[in-house]
Amino acid sequence: IGVLNTVHGKGTYLLTDNFDDVLKSEIAVSAEDCRNLLKVLEFRRIVEPEACFMAAANMPLGFPGRLESLWEAMQKEHERNREERFVTADLAFHKEISRASGNPLVEKIMNQIFDEYRKNHDQIHQMHGYGDGLHYHGLILEAVKEGSPEKAKALMYEHIQHSIDRLTAQ
């Protein structure tokens with residue numbers, strides 16, 4: 001883990017006594033951790049539906065409007081065939097839900113995962129198209145606007161499970 005250096009015939013030397021940085025690097029989410037698309041989706045399936053429930057239940061000021069703006073941006077970028085911008089809006093939609101959950105741990109961990117996962121997210125859209133994202137995000141948005149946290153949670157779970165099902169079918 002980069003703390004010790006052994007030199008044959010001379011001994012073992014301490015390279016750093018700052019174990020906090022070493023331990024943080026060992027537990028931090030990395031690009032390598034996010035290469036297995038199925039594992040990332042499984043993690044998201046565990047966390048994001050509950051974050052969606054919390055966001056819809058908390059309903060922070062302006063939350064539905066921000067989600068609606070992001071969903072509209074997804075539609076616009078899809079119509080213009082701007083895949084990179086579509087993915088940016090898609091991830092921002094999910095990040096907004098994590099932020100609106102009101103739990104800073106959820107927000108920080110999910111943001112870190114989304115940032116590392118970006119390339120894989122592009123792959124999902126290339127493999128499956130953009131229709132699923134637009135469809136599910138629209139349904140989640142409507143559930144939020146209706147004030148239905150349970151429905152929003154169920155739709156987020158279904159959205160991610162659908163991606164898992166499509167990935168494992170290939």
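**Exercise 1. Find how many aromatic pairs the chain has.**

*Solution.* The count comes to zero aromatic pairs. The rule behind this count takes the rings of Phe, Tyr and Trp (its six-membered ring) and pairs them if their centres lie within 6.5 Å; planes under 30 degrees apart are called stacked, those over 60 edge-to-face, and the rest tilted.

Before going on, a word on the model: it is predicted, so local features need pLDDT of at least 70 and side-chain atom pairs count only at pLDDT 80 or more, while totals for chains, interfaces and linings use all residues. Residues are numbered from 1 along each chain as its sequence is written, and side-chain values use heavy atoms, with hydrogens and water left out.

**Exercise 2. Describe the overall build of the chain.**

*Solution.* Start with the elements. The chain has seven helices and two strands, where helices (H or I, at least four residues) and strands (E, at least two) are DSSP runs numbered from the N terminus. Along the sequence, their pattern reads β-β-α-α-α-α-α-α-α.

Next, look at burial. Of the 170 residues in the chain, 37% are buried. Buried stands for under 20% relative accessible area, exposed for over 50%, and partly exposed for what lies in between (1.4 Å probe, protein chains only).

Then turn to contacts, meaning heavy atoms within 4.5 Å. Among contacts between residues at least 6 apart in sequence, 70% join residues at least 24 apart.

Finish with the surface. The chain exposes about 9,600 Å², and carbon and sulfur atoms supply 52% of that area. Accessible areas come from the Shrake-Rupley method with a 1.4 Å probe; for residues, only the protein chains shown count as cover.

**Exercise 3. Find a salt bridge that links distant parts of the chain.**

*Solution.* Go to glutamate 68, which forms a salt bridge with lysine 145; their closest N and O atoms are 3.2 Å apart. This pair links distant parts of the chain, with glutamate 68 in helix H3 (residues 63-79) and lysine 145 in helix H6 (residues 131-146), 77 residues apart. Glutamate 68 has a relative accessible area of 27%, so it counts as partly exposed. Lysine 145 is also partly exposed, at 41%.

For a salt-bridge network, look at Arg66, Glu96 and Arg99, which are linked in this way.

**Exercise 4. Decide whether glutamate 77 is buried or exposed, and list what it touches.**

*Solution.* First locate glutamate 77 in helix H3. Its relative accessible area is 7%, so glutamate 77 is buried. Leaving aside residues up to four places away in sequence, glutamate 77 touches Arg82, Arg85 and Phe86. With arginine 82 it forms a salt bridge, the closest N and O atoms being 2.6 Å apart. Arginine 82 is partly exposed at 28% relative accessibility.

**Exercise 5. Examine two phenylalanines.**

*Solution.* Begin with phenylalanine 53. The charged end of lysine 153 sits over its ring, 5.8 Å from the centre; this requires NZ of Lys or CZ of Arg within 6 Å of the ring centre and within 35 degrees of the ring normal.

Now take phenylalanine 43, in helix H2. Phenylalanine 43 is partly exposed, at 32%. Together, Phe43, Leu105 and Ile109 make a nonpolar surface patch of about 270 Å². Patches are made of residues with over 30% relative accessible area and no salt bridge: like charges are joined within 9 Å, nonpolar side chains (Val, Leu, Ile, Met, Phe, Trp, Tyr) within 5 Å.

Terms used: A salt bridge is a side-chain nitrogen of Lys or Arg within 4 Å of a carboxyl oxygen of Asp or Glu.
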